[in-house]
Amino acid sequence: MSGEQGHTLDIDSVTHRYGPVTAVADVSLAVRAGEIVALLGPSGCGKTTLLRVVAGFVRQSAGSVRIDGKAIDHLPANLRNVGIVFQSYALFPHMTVAHNVAYGLQARGVPRGDVRRAVERFLEVVRLTDFRDRLPRQLSGGQQQRVAVARALAVAPTVMLLDEPFSALDKGLRLDMQIEIKRLQRQFGLTAILVTHDQDEAMSVADRIAVMNHGRVEQFDTPIAVYDRPATLFVSGFIGTTNLLRGRALESANGTTLVELEAGAKLTVPTDRAFAAGAAVMLSARPEQLRLHAEAAAGRWRVHRRLAVPLGPNTMHDLETRDGVTLKLVEPRLGPSVEPTGDAWCGLRPDARPGLFDIATST
Amino acid sequence: MTVRVRPAEWQLALPLALAYAAFFLVPLLLLIGVSAFDDEKITTLGFAQWRRFLADPFTWKVIVDTVKLGGLTVAATALVGYPVALVYLGAGPRWQRVILFVVILPLLTSVVVRTFAWIVILGREGVINQALLWLGLAPAPLRLLQTEHGLVMALTQIEMPLLLLPLLSVMSRMDPSLRDASAALGASKWRTLVRVTLPLSLPGLVAGCMLVFASSTTAFISQFVIGGNRLVYLPLLIWQQSLVVYNWPLASVAALTLLVSVGLGVTAIAAVGRRSRAYAV
C-alpha cells in the first residue's frame with residue numbers, strides 16, 4: 001500500500017459560481033504533506049463546495065487544484081484517487097461491511113486475493129474484523145463511520161476528504177472518533193481536509209484551520225493563532241466567545257493604538273498596524289482577557305454586574321456597559337472577590353492582546 | 001359504572017375491510033361458484049366447463065398470448081422507462097418536477113382517449129407510416145394496427161406511468177452521496193449503475209413491472225381497440241362468453257384463469273427481483 005507518506009494539495013485561486021451565486025471566491029490554500037487542514041465556517045460559506053471541487057464532483061469556474069504539483073482539474077472523480085468520508089457515511093446499504101471495503105479495490109481491478117488481504121488489513125485497522133459480514137444497518141453510528149474510513153483508506157488515497165464526519169455522532173462518541181481519525185491519519189501519513197462548522201472539532205483535529213465566510217478564506221493559520229490572533233472581526237466572533245466594544249482610534253504609534261471606547265474609557269491596545277486617527281473601530285476582547293476592579297482607574301469603564309455564574313474553577317460574570325452592551329467576563333474564583341452584584345469597573349488584563357478592527361473594512 | 005373501551009387501531013380498518021369483503025371477496029367466491037356448473041343456465045354442478053376450456057388448444061393459445069403480451073409490455077416499459085428514471089435521478093429539482101409532470105400527464109386523460117390516439121399514430125395513414133413512406137424506409141404502409149407489435153407499442157406508452165411512479169419514488173429516496181462515494185472510490189459511471197444504482201432501485205423497478213404486467217394483461221379496452229378481433233386475449237374471451245354468448249360458467253372459468261395467470265406472472269417478477277438482488281451484491 002502506498003500513501004504511507006503524504007502528498008501535497010494545492011488549491012490555487014479556485015472560484016466556483018452556481019449561476020449568479022459565487023459559492024467559492026478566489027480561494028488559495030497550500031496543504032502540506034501529512035497535514036490535516038480544517039475548512040471551518042458557517043453553513044453556506046463555501047466549504048462543502050470547495051471539498052466537492054477537490055473531489056471532482058463539481059468543476060470549478062476558475063482556478064486549479066494540484067496534488068503533488070500536478071493539476072487534477074481535467075480528471076473525473078473516479079480517476080482522482082481521493083478518499084472521502086461523507087457526512088451520511090454513504091455506505092452501500094445492500095453490501096456487507098467487507099464488500100463495502102472491497103468496492104474501491106474491485107473497481108480498480110485489483111486481483112481477488114489482494115482485495116481479500118487488503119479488506120482484512122483495513123478491517124483490523126478500524127477493529128471491525130468481527131463485523132465483516134454484517135450489513136451497514138446492523139451497525140452503530142460509530143461502527144458505520146469506521147467502515148466508511150476503512151473503505152476510503154483501502155484504496156490508498158493521495159488525499160483524504162472528511163465532510164462533516166462527526167456531526168451524526170452523539171457527543172461522547174464524537175471525541176473518540178476524532179482521536180481515532182487523527183490516529184489513523186498520523187499512522188498513514190495522510191494529507192486530509194476536514195470540513196466542519198464545529199470550531200471545537202476543528203481545533204482538536206486540525207493542524208491548521210482555514211476559516212471561511214462568504215466563499216472566502218478569512219484566515220488560514222494554526223488553531224492557537226486563529227484563536228489568539230484572529231485576522232478579521234468575523235474570525236474573532238466565530239472562533240470562541242468574544243466581547244465586541246465600539247470605539248474610535250485616537251492615535252497609533254510604536255505598535256500600540258490609543259482607543260476611546262463608547263463604553264467610556266481610553267485604552268492603549270497593542271496592534272500590528274496603524275489606525276487612522278478618528279477611524280471607527282471594534283475592540284474584540286475574549287472573556288478571559290477582561291478583569292473586574294472595585295475602583296475606577298485609567299483604562300477602566302463602568303459596568304453593571306447582572307449575574308455571576310460559577311463554572312468549575314472560574315466565575316463567569318454577565319455585565320452590561322453604560323451604553324447597553326452585554327459583556328461576558330471569566331476570571332478565576334481565587335483572589336479578592338468583589339461584591340456579587342452592583343457596579344464595578346472593567347478593564348483589560350495587563351498582558352491581554354485583544355483584536356482591534358476597522359469597522360469600515362471588516363464585516 | 002361502565003368502562004368505555006377506546007377503539008383499537010384495527011377497528012379503523014373495518015370500513016375498508018367490509019367494502020373489500022362485499023365488492024371483492026364475495027364476487028370472487030360467486031365467480032368460483034359459478035365456474036363449478038356444467039350448463040349455461042347454472043343448474044347442474046360439475047367441472048365440464050373447466051374440462052372443455054382446458055382441453056381446447058385455442059384457449060391455451062389465448063392464455064399464452066395474454067401472458068406473452070404482459071411480458072413484452074413489461075420488457076418494453078422497463079427498457080424505455082429505466083433510462084427516463086436515470087435522467088430523472090441526474091436532473092436538478094426543477095427538471096425533476098418537469099419529468100414527473102410529463103410522467104403523470106397521461107394519467108390525467110382517459111385510457112380510451114389514449115388508445116384512440118394510438119390508432120391515429122399506428123393506422124395505415126397514421127403518423128408512423130407517413131413518416132416511413134416519406135423517408136423511403138418502407139415501400140408500402142406497414143400493418144401496425146391489429147398486430148402484437150403495435151399493441152405492445154401502445155401499451156408501453158399507456159402503462160408507462162405505472163412503471164415510473166414507484167421507480168421514481170424509490171430513486172428520489174436514494175442518498176445521492178452513494179453515487180458520489182462510488183465515483184470517489186474509482187468506479188466508472190457504468191459500474192456505479194450496475195453495482196449501486198440498479199440494485200438499490202430494484203424494489204421500485206420490480207413494483208413497477210408487477211403493476212405493468214397486471215395492468216397490460218387485463219387492459220381490455222386497449223387490447224380490443226388496437227388488437228381488434230384478430231388478437232384475442234383473455235379479457236376479450238371473458239367479455240364474449242359473458243355478454244355475447246351468455247355462457248357465464250365458461251366466462252367464470254376464463255376469469256379465474258386470467259386471475260391465476262396474472263398472479264403467477266406477478267409472483268415470477270417478484271422472484272426474479274429477489275434473485276437479481278442477491279446476485280447484484
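Helices here are DSSP runs of H or I with at least four residues, numbered from the N terminus. The model shown is predicted.

**View 1. Burial and contacts within chain B.** Chain B has 281 residues, and 33% of them count as buried. Consider its contacts between residues at least 6 apart in sequence. Of these, 73% join residues at least 24 apart.

**View 2. The side of chain B that touches chain A.** Here 16 residues of chain B are in contact with 19 residues of chain A. Two helices of chain B, α9 (176-184) and α10 (189-217), each supply at least two residues of this side. The most comes from α9(B), which gives six residues. By type, the residues on this side of chain B are ten nonpolar, three polar and three charged.

**View 3. A:Ala297 in a loop of chain A.** The loop runs between β15 (290-293) and β16 (301-311) of chain A. A:Ala297 has 9 C-beta neighbours inside 10 Å, so A:Ala297 counts as exposed. The cut-off for exposed is 12 or fewer.

**View 4. A:Ala297 and A:Gly347.** These two residues of chain A are 50 residues apart in sequence.

Notes
Residues numbered from 1 in each chain as written. Chains lettered and ligands numbered in written order. Predicted model: local features only at pLDDT ≥ 70, side-chain atom pairs only at ≥ 80, totals over all residues. Buried ≥ 20, exposed ≤ 12 C-beta atoms within 10 Å, placed from the backbone. Contact = placed C-beta atoms within 7 Å. Nonpolar A, V, L, I, M, F, W, Y, C, P; charged D, E, K, R; others polar.
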